[in-house]
Amino acid sequence: MYNPYIILIEFLGLICLFWALYQIIKRLYLQQKNKIAFALIIIVIVVAEILLNQLDVLSITQSSLLFSSSLFASNILGKTLGTLLIRTFLLAWSLSYLKYVPIKNEVQKYRDWLIVFPVVLYFLIIYIIQSVIQNSVISFDFYLVNSLDKYTFISLLIFGLLFSSLLFLLKWIFDRKISKTYFAICIFTSLICIGLGFWLKELHDFYYVLFLFLWILTFIIFFNYEKILYAQNTKYRFLSNLILVSLIAFLTSIIIIHNTTQKEIDKRKYRMEELISERDAGEEYNLTEAETQIKNDAFIKAYFKNPYLYTIDVENRITNKYFKRFLKRYNINAYTFDKDGLPLTGTVQKEFTKLNSYRFYKKAKSISPNFQYLSIKENGEKYIGYFPLQEDTTNLGYLFIEFIPKIFSSYSAYPELLINQKNYYDEEFENFSYGIYDNNNLIKQKGDYEYKLKFDYKQKNNNDFNVYKTANYTHLVYFGKEKQVVLSEKNRPALSTFSVFSYMVIFFLFFFILIDWIGFSDRFWSENAVKDFFSGNTLQKQIQNAMIALVLFSLAVIGIVTLVYFQYQYNIYHNSRLLKKVNAVMKNVSQYYVDDYALYGENTFDKVIQQRVKTLSTIHALDINVYNTKGDLVQSSQPEIFKRNLVSKKIDENAYHNLFIKSKSKYVHDESIGKLEFLSAYQPFRSNGKVLGYFNFPYYGKQKSFREDISYFLVALVNVYVLFLIAAALLAVFLSRSITNSLTLISDNIRNVQFGKKNQEIKWKNDDEIGLLVKQYNLMLAELEKSAELLGKSEREGAWREMAKQVAHEIKNPLTPMKLSIQHLQRALNDNAEDVKELTQKISVRLIEQIDNLSNIATAFSDFAKMPQGNFNKINIEPILNSAVELFRESENVSINLNYSPKEYFVTGDKEQLMRVFINIIKNSTQAIPENINGIIDINIEEKMDNFIISFKDNGVGIPVEKREHIFEPNFTTKNSGTGLGLAISKNIIERMNGKIWFDSVVDEYSIFYVELPKMN
């Protein structure tokens, strides 16, 4: 046995190791070190294969059934299921790096041929899934949930890793646009793989192969168009991956159903061949080899001389010493009789005459002096041994040894306790019916189906096995030369098929969410798609999530309540059923006691239980244990369980207390043996008021039936869950949209409300809560228009007052020096100064300068007030920017560097206005540079998505923090002169061109102004 704590440590260590390696190799790819990363991946795969699969260094690989060929084995894929799991993980782990591997230019022309790889991988995945199903003893019967175990889940993990590998490859190939020729390549490759599958006899059914072919085309089409449809919207991306999960789940469910059905048919064929199997030379040789030893066995002869020993000792000696190799396939019974044909004391018997008649059966064939082969008998007897035992010339009695194939054995839970580990190879037939015909005459049948006395099935073809379907049953019929066998199974409901798809959807949904959460798939569901989908950040999502949560909660409550109710009803039903069987058995015991009392007297009870217990157990299909008045076991229909000390030979302590102390006439309670729980009934046997013994009836039908019915219920529940969740999701979307459409209408109108303009009122017919909201909205619009008019009037008046104040201030500044100059000229004229002419010339120049200054001030304010719309056309940024730069080339102590790619940069705008913007920004940059340093202005043009960004960087004094928020306001300036309107006008021009203007600055280091303009459509 392996230590689970060591296994846990090894598992966590491997997870951490591969996660660290994943991050290292990922970083290598991001650093463009592709060859080193690829080499490291190969080294990791080779080392992992050698250490984990070849040398078996892990504890679990040395002792777990997961790494045992008795669970799964394949010469090609791996010797164990654990080996296959490790290899599929390494495949998925290595292919997950493809997203970091760019396709180089030299590979681009062969890009279409890359589709060969996912197509081949697709058919390889199908082969692996088929192999896991067909070459293993793992159950994939999702209709019987109790038959599933941890190895089923591990197999599903392998399937998930395989499909992850396929998705990594497909996403890498379809990352860019593919030409139409890949369809032809895909079809050609698929046909080659299909032909290879038929040649290797891995594919047989035409319709199944057609489905596989159509599904690979579906995958290719989906990935080809998926990125185009959903690349820009996260919620649609999530929806596309839900569709992808459904496609994978449907494909997997079809593969599982097809191969499981084929596997079940093959198993049934094997079992049917066992039913009608003829003489086996190897078996018969082993039988004859032991007969001389049996006749001379001193222990057996001693028993016949002293018949007060239990027969189990005789049976145990015979089976374990002489026929141990037969125990796997046969139940072996030994019957002993005295020389007169009467059963020996302490034995459980069939009648001597009945056993002896088998020897004279018309189709019995002697294989040795003591053994005979029998054709199929009533209880399935195949071989019988007849030994008349003698010592010298004295006849001691007769020994019969009966060999019955285990396929004919009745069901009992006790044998399960005799098996050390679960036997994956034995297939029980309790859910089937079968009929055996000899020369078209029914000679044996078992199960619920009623077979006709005459065999009337017509052979469809030359095959020995044919399948026939009726309304309620599916029959597998074997056509032999003399014998015919019909194996019948009830048809499962249609939901049983749908249940596989339901389970696959649930599994793959959680599997891909898990690998997405750990980052292994690099956001398989796209960035924050899962979180955004389930977050209730909108009313519509809140309604959807609430409805889905309500459905989940309701279904969970219904499921729990139904399970509890089922258990309650099963307890009542099976308690009643057990008591009926107990009453029937006790009536038989009483009758036997009365009939045999005249023969055995006071020893009658001992004789009855010794001779009748096994017969009663067979008749009533119920295990029986008998205890004496001291609570000690005296007889059992399954004595081996006690002989191996798996169960105490003392009566249950609770039963002892209730029967012995409280003197109850019956006692029923639940017992357990290990993990096996069952119902157990006790009843004393009385004669003339005296208790002679206690009968115990362990009943396993309750647990078995409960497990099966719970499996059916869980299948139905899962199907209902999936159907209801789909319906709830669709209904939630529909209802939430119908509820929120009105709110969306109002929100859209509110979003489009423009202050100071005429806004559209909402029309609503219904007089409901939404109608009241709409009414208030329309009233708000009316009030808003009034407020806009008043505010506009106030703003205009304030703006004109501010403008007048600013104009007055700007005009007043030059008027004072002009007045002083004129007064000075007047004094010179009055005084007849000699230099009056020169002074007049000088003052005239000064006045003209001041008048020009006043004209510039008036023009600037006029331009800002008029807000010219401009003549928008298709213009190229590059020549306009060059012209603006040329105006400042001669600036002292300033060098201008213009950097851009030689191409055309077309935008929609006014050429003159854009020139004005560029001149204004460059002028500000030159003025921001102190005279004592060499100025540098770097101008760059960059292309970003659908926009051009022009940046102007200077090494000037920068913009103080406290002044930055006012930079684009009218009348604000950081310089000692100027109107403060240049940047305000520039911002207005750029915004009317649907662009943006902003800046970044560090005091005493630099300032950068950015102009972003949209590309021309």
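First, the ground rules. Because the model is predicted, local features need pLDDT of at least 70 and side-chain atom pairs count only at pLDDT 80 or more, while totals for chains, interfaces and linings use all residues. Residues are numbered from 1 along each chain as its sequence is written, and side-chain values use heavy atoms, with hydrogens and water left out.

Overall make-up. The protein has 27 helices and 22 strands; these are DSSP runs, H or I of at least four residues for helices and E of at least two for strands, numbered from the N terminus. Of its 1017 residues, 44% are buried, where buried is under 20% relative accessible area, exposed is over 50%, and partly exposed is in between, with a 1.4 Å probe and protein chains only. The accessible surface is about 56,400 Å², and carbon and sulfur atoms hold 57% of that. Areas come from the Shrake-Rupley method with a 1.4 Å probe, and for residues only the protein chains shown count as cover. Among contacts with a separation of 6 or more, 66% are between residues 24 or more positions apart; a contact is heavy atoms within 4.5 Å.

Now the sheet. Five strands form an open sheet in the order β1-β5-β4-β3-β2, with antiparallel pairing. Two strands pair if DSSP finds at least two bridges between them. β1 (330–337) and β2 (365–366) are at the edges with a single partner strand each, so one side of each has no neighbour in the sheet. β2 is joined to β3 (residues 371–373) by two bridges, and Lys365 has Tyr373 in β3 as its bridge partner.

What lies across this sheet? Helix α11 (residues 281–295) does, over β1, β3, β4 (383–391) and β5 (394–405), at about 15° to β4. Helix α12 (residues 298–305) also packs on the sheet, touching β1, β4 and β5, with its direction at about 115° to that of β5. Axes here are lines fitted to C-alpha atoms, for helices over the stretch in contact, and angles run from 0 to 180 degrees between N-to-C directions.

Next, salt bridges. The whole structure has nine, each a side-chain nitrogen of Lys or Arg within 4 Å of a carboxyl oxygen of Asp or Glu. Arg317 and Asp297 form one of them, at 3.0 Å from N to O. Arg317 is in helix α13 (residues 311–322) and Asp297 in the loop between α11 and α12, so the pair ties parts 20 residues apart in sequence. Asp297 is buried at 4%, whereas Arg317 is partly exposed at 27%.

Lys305 and Glu391 form another, with the closest N and O atoms 2.6 Å apart. Lys305 sits in α12 and Glu391 in β4, so this bridge ties parts 86 residues apart in sequence.

Glu943 and Lys903 come to 2.8 Å between their closest N and O atoms. Glu943 is in strand β19 (residues 935–944) and Lys903 in the loop between β17 (894–899) and β18 (906–909), 40 residues away. Through shared partners, Lys903, Glu943 and Lys1015 form one network.

Last, the surface patch. Phe38, Ile42, Ile43, Val46, Val47, Ile50, Leu51, Leu55 and Val57 make a nonpolar patch with about 770 Å² of accessible area together. Patch residues have over 30% relative accessible area and no salt bridge; like charges are joined within 9 Å and nonpolar side chains (Val, Leu, Ile, Met, Phe, Trp, Tyr) within 5 Å. Ile42, in helix α2 (residues 34–54), is partly exposed at 38%.
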